[in-house]
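I set out to record some backbone and side-chain details of this model. The entries below follow the order in which I looked them up.

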Amino acid sequence: MKTILPLLFFLISLYSFAQTGPGGVGTNDGTSSLVSWYRPDNGISVTGSLIDSWTNSAGISALDISETGIQRPTLITNAVNGYDEVSFNGSNRLRTGLTLTTSNFVTNQASSFIVTKADNTTQTSSVYTTDPLVGSTRFSNHIPWAGTVYYDIGTCCGSSARIQVGSLTGLTSYSIWSYDAHPSSGKQLYRNESLLQSRANTSTYNSHASQRFNLGANTSGSNGFVGDVTELIIFRTKVNTAQRLIIDNYLAAKYGETLSVNDLYTQDDSGNGNFDHDVAGIGQTTDGTNHTDSRGTGIVRINTPSALSNGDFLFWGEETKDPTYVFSNDPINYTEQLSSKWRVSKVNDLGTVTVAFDITGMDLSGKQSCQPLQLVVDNDSDFSSPVVYDLTIVGATATATGVSFTDGDYFTLRYLDQIVWNGTSFFNGSGTANAPDNTDECLKFTVKSGATGTLTFDAHVREVEVESGGTITVSDGILLEVENQIEVNGTIDLLGEAQLIQNHTSTTSNSGTGELRIRQQGTVNLYNYNYWSAPVNRSGNWQIGYLEDANGVVNFTSAFDANPTTSPITLSNHWLYDFNAVSGEYAGWNSLSTTDNITPGRGYTIKGSGATATEQEYIFRGIPNDGNYSYTVVANNDFLIGNPYPSALDADQFINDNLSTIDGTLYFWEHFSTNDSHNLAEYEGGYATYNLMMSLPAIADDSGLTSGNGTNSKDRPTENIAVGQGFFVTIDNGGSLVFNNGQRIFAKESTDETIFYRNSNISKNLTTTLDTRMKIWLSFKEPAEHVRVIGLGYDTNATLGYDKGYDAKTYDDQRNELYWLLNNEKLCIQALPEFDSTQELPLGIKITDAGFYNFSINEIENVPNDVTVYLKDIHNDIYYNLSNSDATIWLDAVVEATRFSIVFQESTTLGINEVFLSDVHLIYDDTTNILTIKNLEVNKIEKLTIYNLIGQEVFKKTKNDARLTVNISELKNGVYVLKIETDRGIKNFKFIKY
């Protein structure tokens, strides 16, 4: 603040004292020696063409001119270089002119300027005069007076006391008359800057309060002027030589006159572009007088020359009369350029200057937010290679310092509003080769009609417009981020994992007759579903029939199986469904046709293409989905929805935005990849799970075998939902389910930041953001080697009860299941507020197939080294240290649902049983086919049982006939499990007979 406040004060002060008089000499607020200034482009009011009043542009309202009756001059419009003129006819000499009253008009000295012409040279007329009744002293100009021109200040009438020049020609044409009077320097009269006469003598003059100041006639009613006037200027003090020269150049340019001498401003010539308007100047004459700060009638102020010397001048003028300032796009450099420009005449070299603009009348709202308003200077009017100065804006003043001009330079204002690709080059971007990058969020990005180009770096822009026939390709893995709307009349092509994010917080205003193209890969398995959601729309909706592959719009058949051999491929329309019905109600699946309108955010199903490739790529074409989408939802329904955007979706933000409506868990379907049946009863797969606590993979086949109904990828969902991904939510309370741009995020599948569930058979190491919460994933493997994973986590937002968004209910019911039990709810994720080593966490179990089941720790995060996880077999009072090793337990088809729990500390029983069974082991002799049990007393055995790998019992001995040796010669070669049940616990051994 210490550096900013003085700067603000300086700029405001500098602007407050700007020279706003004619040519930039004097001010128009009544504070300078400029007392009268009547100009045809300001303050004239008329009735018809007769003038009623003429405001004094010098800012002294007492000198405003007004008149009534018929004795009024006529306003003739567009008479002189586009400016009006005031015409006097002299026919009624009583009161032909306009009058005013004032006191202290001038005293002893003055400078006056008038642009006028007479209709004839025989009249005895007065262009303006004081009332002669006040005495023999006056301040008056007579043009002409019977062919003579004379100017008075002081004693009247004597030829030795006044400037008087006769035998002049051209009085019926416009001339610029300049008159100076001062007690020490006498009187001088100039015509078009040429000195006509100079007199050393002068006399005292004081204006009187009762006198009348008349324009066009004496107050006595005689000597009426017949002719025309454009502009009249009077200073109460004599201006210096430099100021007179500046004012004369201003008047000459404005009214199309040529000065006889000192015609320094030449840009008013037709050959130089007729920059005739609002001319102002600064400089210093050979007598050492100077003027260093000018603004004049325009909006440009120039001051503080750095190296001013005698004979140095700088003038500037505008090309447009009475401009309305608007910015429009310049087709050469694609900047927003002001609708008017200026040109300078420079004499010698006065160094650098400060240039300021009054921007009051310019609409910069909503634009120029991060790019500065700029002054551009060029020696060519197209500004194709300008010198650029950034302007500092304070209030309504924009200022550039250290500006250098060359004679004939053009200048104007511009700002960057857009980055353009014209088919050959990028313009105005901050990135490589002027392309947009991620710092250009205040600029629009425009692709010109017919232009084709590629973005190879991330870009962040304000809005995007692709003109008709234009194409912008966004390279694989690149993010195009847009603050506001997109208008696409050409094509935006998102390759690979390129994504589009829009950030505004309202409904979409995306529009256009073109399209965005985005791709996603689905399963090829004929029998497997993908859950989809379209990232684009056409007329606000999506139809499945719009879907394309690389060869065009996909075909559909009513047959159960797709046909990948056609071009484009043919999919089955038999498997197109959406769902929004009571939870678990299979009849709630609603069949869709290829022409049904699907609104953004709705999910739907499609089965695979049958192609031989690893994945089937699909193309979505349309207007990109964007902004707010809302659905009215009903409590206790399950709703198949999906990511509606051409970018990833932040699952955490989506859950938090909808936690009052949904139960806070998202479910992602994943079929086993080698399913080979359309029969529902033979489907194998399940739902991956995600909530604010953690994520779980879908049930998986961990057998490593190629037979059976297949395997899945075992991917846990990340917090980012992939483009096109559909998923289920459970509606907890009626209300609105919402999507919005605040939920969008850039995340790529290739870097494991997001996953699309398409059974790609790729198991990935998931990357995670920094998360310090303690988490444990427990794995439950059934005899068929299918693996269920459940999760336990700790979060301060959780309680000991059920918490939406943190606890998760099981969503699919497999033949054999493990789950957490909480108040009779079956949970796949349990969240607790804090870790307590004394806790016992009940598990629920459902066993359909008898056999050996493996319990293990699948993964842990942020678990202290001193924490041990035990599986407690409540029925047998056995504890299994899962932190050290897996627990493989034989379970019959009928098992108590509450048999197991998870605990975190040992018990006495635990130690005894572990010691008792720890040294028991098997020896197999393949020559005799004898199994021998070592380190166990035979009287401790309750039962010996052998099972094959599918859980069938193939051998059994009870307590009465048990032996420490077992003959297995009758068993076929293969893998078996020996279950030893004792009075102190159970131990299982897997062995191979060969």
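I began with Asn434, which counts as partly exposed at 40% relative accessibility. I note that the model is predicted. Asn434 is not a glycine, yet I read a positive phi of about 70 degrees for it. I located Asn434 in the loop between strand E33 (426-427) and strand E34 (444-447).

I then turned to Tyr334, likewise a non-glycine residue, for which phi is positive at about 60 degrees. I placed Tyr334 in the loop between strand E23 (327-329) and strand E24 (336-338).

Next I looked up cis peptide bonds. I found one joining Ile143 and Pro144, with omega about -20 degrees; Pro144 belongs to strand E10 (residues 137-145). I found another from Ser567 to Pro568, with omega near 0 degrees. Pro568 sits in the loop between strand E48 (555-557) and strand E49 (570-572).

My last entry concerns Asp663, in strand E57 (residues 662-671). Which side chain of opposite charge is nearest to Asp663? I found Lys809, 5.4 Å away. I did find that the Asp663 side chain reaches the backbone nitrogen of Thr665 at 3.1 Å. Setting aside neighbours within four places in sequence, I listed the contacts of Asp663 as Thr730, Asp732, Tyr802, Lys804 and Gly805.

Terms used: Residues are numbered from 1 along each chain as its sequence is written. This is a predicted model: local features need pLDDT of at least 70, side-chain atom pairs count only at pLDDT 80 or more; totals for chains, interfaces and linings use all residues. Side-chain values use heavy atoms; hydrogens and water are left out. Helices (H or I, at least four residues) and strands (E, at least two) are DSSP runs, numbered from the N terminus. Buried means under 20% relative accessible area, exposed over 50%, partly exposed in between (1.4 Å probe, protein chains only). Lys and Arg count as positive and Asp and Glu as negative; His and the chain ends are not counted. A salt bridge is a side-chain nitrogen of Lys or Arg within 4 Å of a carboxyl oxygen of Asp or Glu. A polar contact is a pair of N or O atoms within 3.5 Å; within protein, one must be able to donate a hydrogen and the other to accept it, and residues adjacent in sequence count only if both atoms are side-chain atoms. Contact means heavy atoms within 4.5 Å.
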